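Keep the structure open while you read.

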Amino acid sequence: MTGFLIQRLLQAIVIMAVMSVIVFAGVYAIGNPLEVLLPPEAPQDIRDAVIKRFGLDRPLWEQYGLYIYNLFQGDLGRSYIYNEPVLQLIFGRLPATIELVLTSVIGALVIGVPLGIWAGYRPNAFSSRAIMAVSILGFSVPTFWIGLILILTFAVNLGWLPSGGRGDTVEVLGVAWSVFTLDGWSHLILPATNLALFKLAIMIRLARAGTREVMLSDTVKFARAAGISEGTIIRRHVLKLISIPIATVFGLELGSTLAFAVVTETIFAWPGVGKLIIDSIQNLDRPVMMAYLILTAGLFVTINLVVDLVYALLDPRLRRRAAP
Amino acid sequence: MTDASAPRAISPFRRFWSRFFEDRIAVAALIVVIVFAALAFLAPWIAPQDPYDLAGLSLRDARRPPGYVGSGGYVHWLGTDAQGRDLLSAILYGLRVSIQIGIAAGAVALTIGTTVGIVAAYARGFTESVLMRVVDLQLSFPPILLALVLVAVLGQGKMQLVVALVTAQYAYFARTAYGAASAERAKDYVEAAAATPLSGARIVFRHLLPNAMPALIVVATVQIAYAIALEATLSFLGLGLPVTEPSLGMLISNGVKYMMSGRTWISVYPGIALIILIVAINLVGDHVRDILNPRLEK
Amino acid sequence: MTILTVDNLVTQFFTRSGVVTAVDGVSFDIKRGEIVGLVGESGSGKSVTGFSLLGLVDQPGRVTSGSIRLGGEELVGKSDRDMRAIRGARIAMVFQDPLMTLNPVITIGAQMRLAIRAHGAVSRRAADERAAEFLTKVGIREARARLSAYPHEFSGGMRQRVAIAIALLLGSELIVADEPTTALDVSIQAQILDEVRELAAESGTALLWISHDLAVVASLASRVLVMYRGKIVETGPTSKVLAAPQHAYTAGLLASLPAMATPGTPLSVFRPETMTVERPEPVALPPSPSAGQPFVTVTNAVKHFVPSRTLGDKIAAKITANPGQPTVKAVDGVSLTIAKGETLGLVGESGSGKSTLGRMIAGILAPTSGTVTMDGAPVMEGGRKAGTRIQTVFQDPFASLDPRMRVGDIVAEGPLAHGLTNKSDRVAYVAGHLSRAGLDPGLATRFPHQFSGGQRQRIAIARALAMQPEVLVCDEPVSSLDVSIQAQIINLFLELKRDLNLTILFISHDLSVVRHLSDRIAIMLNGRIVEEGITETVYETPQDDYTKRLLAAVPKLSAAA
């Protein structure tokens, strides 16, 4: 077990190194930063000065080396567009994305797992079929489309909720949060629902598939033969058994929700990092793209490590395998 | 072989179809998929208007509601968009683009992914661990992010989009092919083939691949649907196809600014077409998965 | 005093393709403290009968008529809630595979607590005490500490003991045991049978012991019920049923057991079409060729499976001073020979390395060290099998045939690839080998799923024979088959032995089957051969302690002798 985790840690380091090279080379291939940095009529001597200042005349590997060196100093460069340190720019917007992502993922988990268990427990009931129909919709309909419909219905036609922005925020621990104000919630609820629907569908399907399989297993039959009630069987046996795959997928989905926040943030004008990255891709803001991708890669690698650890904690067969 | 007994042989394929037709919803979904594919294929012949022919458009017809009779003298059943395009025609052509992209991306990803997965499962050892590490790494990355970055790197266009989608999706096929082939590999009939002995190529192509195919088909349906959705999403974000060849996502995106002023049809009809297509594909895939799941078979 | 009376019980399954009557008017009763055996082959309805008693028949099945009375109380028609109060408390159940029945992610203690608390509010402390008491009863030492262990920390036999302890927890009047020792090795089975006998006597619990294995039932039950196609065809005291079976099916079942026949003679087979027992003519086997020149030679063969260790594992081993998973010494220095035309029986329990050894001889696995040769030439060259003179028959006929190929193609594939037949002759070639294996050649266009287990095993044999082998390695070829089908396949092997002068390595855990077919046997334990010799000599006068224990552990049909 320890060996497995150490191995994963080593792999994570290798992955980060490889990712940084790929990302750097990829981002380098996009467009010409001079077009962004300078007006087209800029004279040649200013061009040369800018090239020199940003080190664009040096060979690629040297630029990469410099980038990595600076990265370890905590310096990820300055945005071409905002002329602000990238790190500051990203961390300024991160809380908005995090609260959006966590609200939707936790919502999807809390609602999706019980629905999925029910659908797996009574696969032929009408309610189960209805749940599955909803999950197929949630799974199929593109996030951006659901976002549009939500705005059209609740903001435009009904006028119940605002269509964009974060609303009032409260400073907690030096960071602005929407989740602590009523107005913040009214702004959060549509984008969070939007982002959650796809995850909800996945949670339902996962819980349903797991429950169906477990319910047919001898473990459940044996528990029934011991006179244990259905409620206890679901709470103690089924939930525990399906929690292992759910925890794994939950971790992975946390990462992918972060990525999908890009779409939702664009639609709901939610001032998070997703919006930032789309703008930076469209504006060819290299340092922001670079930093976002490196940070995201780091985040995914960390999540994967945590998932491995949680997996080992949940499954005693793994945990004790190498115990002395 | 004696002819008398031949018709009584029931192939796994026929068994599969007879079970497939037991579910009415899945059959209906399959019909929808086929109809949509036919409509997309026949778009140049059945669409009232060629939406790519900018000369044939008139701004006088722009943003007209469904049922409007335009300057062309025919009814715009689903209305017109901001450029005065007949929406029905635009949707048919958009469907064509979406399905083309979905199938192209799905087919290429299937081929590459299956090759990687089967090679890894058959080769074992170092090749296996390197290939599958790369695949796992990619799987932990959301495809949308990968596609987003790739489109940014490669630029816009059908080819570029397909490349981006394939890169984002092949890993799912590789994982599935690897899983299925490893499971099959461990079965006695593969060991029996090795013990005969039969050549490695024969074992892979005659035994492993055909038996891994059902699982791959399920993934293929889901991934084609996903590719279509992803393409629409990228187009919606303005990173997909060029404006000259609007896909469904682009049509939706173009209509968004008119949505708030009540001209909802410009976005909604392409959206409905997109959703029906994706839901139908997923319903078919779901049912196929249920049939093929050996653990639920009684 | 009768505690359970089953009267005219009918259990039906309402499937899409029609109603299947699994239990068709079954009546019996069980007295207090009595052990009753319920014997039948797969599909006879014996398990469904057991589940019917607890009201646990799977969807889409249910009890449609008849009555089940427990101490005078009618169970048929009771609500699920009322049945729940009875299950575990008054009727308990033990299943076949403890690996599947115990929840792998919950501690044994928690699982036992759940069972106790399902029938009343008991403090955690009291529940634990009770659980520990019953674990001790079934022979688990340091029971208190073991409560916090997970199922995978117990061996197969221990897990089944835990399951039995759970069944006993609340003092049930009746325990329904569905094939509880089938998944276990003979020696562990023997221990558990002894313990169960004692426990039942001590606690006064009645036992309905469901099994396909007549010998197991005979060693345990005072009364036996024989089930066939949903009906009880015979019932009576065990000794009487075994000695003088009244129904043709029971007689057939007994006569088809290799243990009941003279070794080397064809076994009797029950024919369901006529409901008669067919006694075949004796086959004149060639004299045992065991004295001949070695044909297959295994010299000092070793097969170690070294767990792959990643860099992380190595670092962890350094830090924690825990070496990690040890090397598995599956085969640890085996030498043996098989003469031409001889059948060598290789016997061992699970994990003994017999299958690994078989795979090395068949040319599927390369030995870590040592050599395997046939007719003087190594069976493997450069990591691949050399030549086609050795062929293999596997245990599971459901897994050993490619489900997507027609039977004819399965049989023809190897011969075509190796030029033993060509495209124009293949139909006749395949037909010849299918008939040789006892199958209708007209079925060659069908797919494996259209055949029964016994027929599939014949297909697998035809596939091996079509390669015109000189040596056949058979790994548990009859273990997954019902007794009557097993007899037919054993008879087929006898015919092949007589007609084809095959050299056979016959691997099995079943001592009676091996004895019936083999000229010589070798006993394997922990990767080594502990005893080897002429079959009858080893059976009559075993030398090694392990062999003695193994032979003693086999349940005997003593009542019939």
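Gln468(C) sits in the loop between helix H16 (453-465) and strand E21 (471-475) of chain C. Helices (H or I, at least four residues) and strands (E, at least two) are DSSP runs, numbered from the N terminus. Phi of Gln468(C) is near 50 degrees, a positive value in a residue other than glycine. Most residues other than glycine have a negative phi, and most peptide bonds are trans.

This is a predicted model: local features need pLDDT of at least 70, side-chain atom pairs count only at pLDDT 80 or more, and totals for chains, interfaces and linings use all residues. Residues are numbered from 1 along each chain as its sequence is written, chains are lettered from A and ligands numbered from 1 in the order in which they are written, and side-chain values use heavy atoms, with hydrogens and water left out.

Two cis peptide bonds also deserve a look. One joins Thr196(B) and Pro197(B), with omega about -5 degrees. Pro197(B) lies in the loop between helix H7 (188-195) and helix H8 (200-236) of chain B. Another joins Gln59(C) and Pro60(C), with omega about -5 degrees. Pro60(C) lies in the loop between helix H1 (46-54) and strand E4 (61-70) of chain C.

Confidence in chain B comes next. pLDDT is the predictor's confidence in each residue, from 0 to 100. Chain B has a mean pLDDT of 80, and 86% of its residues reach 70 or more. Over residues 1-7 of chain B, pLDDT stays under 50. For that stretch the model has nine contacts (heavy atoms within 4.5 Å) beyond four places in sequence.

Now the helix pairs. Two packed helices are described by the angle between their axes and the distance between the axes. Axes are lines fitted to C-alpha atoms, for helices over the stretch in contact, and angles run from 0 to 180 degrees between N-to-C directions.

| Helix pair | Crossing angle | Axis distance |
|---|---|---|
| H9 (248-259) and H10 (265-292) of chain B | roughly 150 degrees | within 7 Å |
| H6 (126-140) of chain A and H10(B) | about 120 degrees | 9 Å |
| H5 (86-121) of chain A and H6(A) | about 130 degrees | 8 Å |

H6(A) is therefore oblique to H10(B). Angles under 35 degrees count as roughly parallel, over 145 as roughly antiparallel, 65 to 115 as roughly perpendicular and the rest as oblique. On the H6(A) side, Ile136(A), Leu137(A), Phe139(A) and Ser140(A) make the contact. Their partners in H10(B) are Ile278(B), Val279(B), Asn282(B), Leu283(B) and Asp286(B).

H9(B) and H10(B) are roughly antiparallel to each other. Residues of H9(B) in this contact include Leu248(B), Leu251(B) and Tyr258(B). Those of H10(B) include Ile266(B), Pro270(B) and Leu274(B).

In chain A, H5(A) is oblique to H6(A). Leu115(A), Trp118(A) and Ala119(A) of H5(A) meet Ser127(A), Ser128(A), Ile131(A) and Met132(A) of H6(A).

How much area do chain C and chain A bury between them? About 3,000 Å², 65% of it on carbon and sulfur atoms. Buried area is the accessible area (1.4 Å probe) that two parts lose on being put together, summed over both. In chain C, Arg84(C), Val105(C) and Leu114(C) lose the most area to chain A, together 19% of what that side buries. The contact takes 40 residues from chain C and 33 residues from chain A.
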